[in-house]
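Q: I would like to learn how to read a protein model step by step. Could we begin with the way strands are paired?

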Amino acid sequence: MQGPSRRNLLAAATGAAAAVVISEPKPAAAKDAPKPIFDVPVTWIPIVGEKEVFPVRRIYCIGRNYAAHALERGSDPTREPPFFFQKPTDAIQNVVPGQVADHPYPSLTKNYHHEVELIAALKSGGTNIAPEKALDHVYGYALGLDMTRRDLQNEMAGEKKPWEIGKSFDHAAVIGPIHPVAKVGHLTKGAISLAVNGTVRQNSDLSKMIWSVAEQIAKLSEAFELKAGDIIYSGTPENVGPVVKGDVLLAKLEGLPDVSIKIV
């Protein structure tokens, strides 16, 4: 009886080697990787005309960015440099254009205010961004409302304490879908307004912003490393005011669809 041929021996050896590679255990690092004890939902905003959505990393807001609003809040717009605050990411309330979304009246306040604003959504970022390069980082724009518990904000400001409690709460960041720059361009001018129950309260133009979106991005990047997924509420015009349960708010911005909520 003849023994195994050289070809058969080589084939057997190759098969054995392959089996060793296939059965090799996974690296310990992958096996022992940390696993979250629960899932935290990702906050996102719809993008007009796209199946993909915009994931939100941080929400920045600029304060007193229209001269008339700065004056009504007791500030001097000719002297004050831009300042910013943040809202929690999960404060986002997405609103579908053409629909009136229910918006819950929040706890702790008896003086709940509307603030209509243009919002810039970033696709990239960095630090110390030059103003002339800042708009290169903008993915698109949206229309929204920076809802505010004004009595709590004023109380904290009067005591020289942080006033996040007036700005940072559930549903405080109302927003419509994002419109890519490729479709709408950069919004530097255009009528912006807010009506309550059909009566216009806020009525201005984006061109009246003290600090442009490009300047806001540049200033923010001096203090923070901006990244893709950051959004910036760019400030509200004058005549902010209170709303109560049952009120219907209609926000308008030239070039974008309306955003509407009902206080419930």
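A: Let us start with the term itself: two strands are said to pair if DSSP finds at least two bridges between them. As a general idea, strands of a sheet pair through backbone hydrogen bonds, either parallel or antiparallel. In this model, which is predicted, three bridges join strand S7, residues 112-114, to S16, and these two strands run antiparallel.

Q: Which residue stands opposite Gly241 in S16?

A: The residue opposite Gly241 in S16 is His114.

Q: What is the order of the strands in the open sheet of three strands, and which are the edge strands?

A: The order is S10-S7-S16, with antiparallel pairing. Strand S10 (148-149) and strand S16 (241-243) are the edge strands, since each of them pairs on one side only.

Q: How many helices and strands does the protein have in total?

A: The protein has eight helices and 18 strands. Of the contacts with a separation of 6 or more, 75% are accounted for by residues 24 or more positions apart.

Q: How should I read a salt bridge, and how many does the structure hold?

A: The general idea is a side-chain nitrogen of Lys or Arg within 4 Å of a carboxyl oxygen of Asp or Glu. The structure holds seven salt bridges, and one of them is formed by Lys87 with Asp146, whose closest N and O atoms are 2.7 Å apart. This pair links distant parts of the chain, as Lys87 is in strand S4 (residues 84-87) and Asp146 is in strand S9 (residues 138-146), 59 residues apart.

Q: Are Lys87 and Asp146 buried or exposed?

A: A residue counts as buried when its relative accessible area is under 20%. Lys87 has a relative accessible area of 3%, so Lys87 is buried, and Asp146, with a value of 1%, is buried too.

Q: Where do Arg150 and Glu115 lie?

A: Arg150 lies in helix H5 (residues 150-158), whereas Glu115 lies in the loop between S7 and strand S8 (116-122), so the pair ties together parts that are 35 residues apart in sequence. Their side chains meet in a salt bridge at 2.6 Å, N to O, and both Arg150 and Glu115 are buried. Lys87, Glu115, Asp146, Arg150 and Lys167 are linked in a network of salt bridges.

Q: What is the accessibility of Lys161 and Glu159?

A: Lys161 counts as partly exposed at 44% relative accessibility, and Glu159 is partly exposed with a relative accessible area of 39%. The side chains of Lys161 and Glu159 meet in a salt bridge of 2.9 Å, N to O.

Methods: Residues numbered from 1 in each chain as written. Predicted model: local features only at pLDDT ≥ 70, side-chain atom pairs only at ≥ 80, totals over all residues. Heavy atoms only, no water. Helix = DSSP H or I, 4+ residues; strand = E, 2+ residues; numbered from the N terminus. Contact = heavy atoms within 4.5 Å. Buried < 20%, exposed > 50% of the residue type's maximum accessible area, 1.4 Å probe, protein only.
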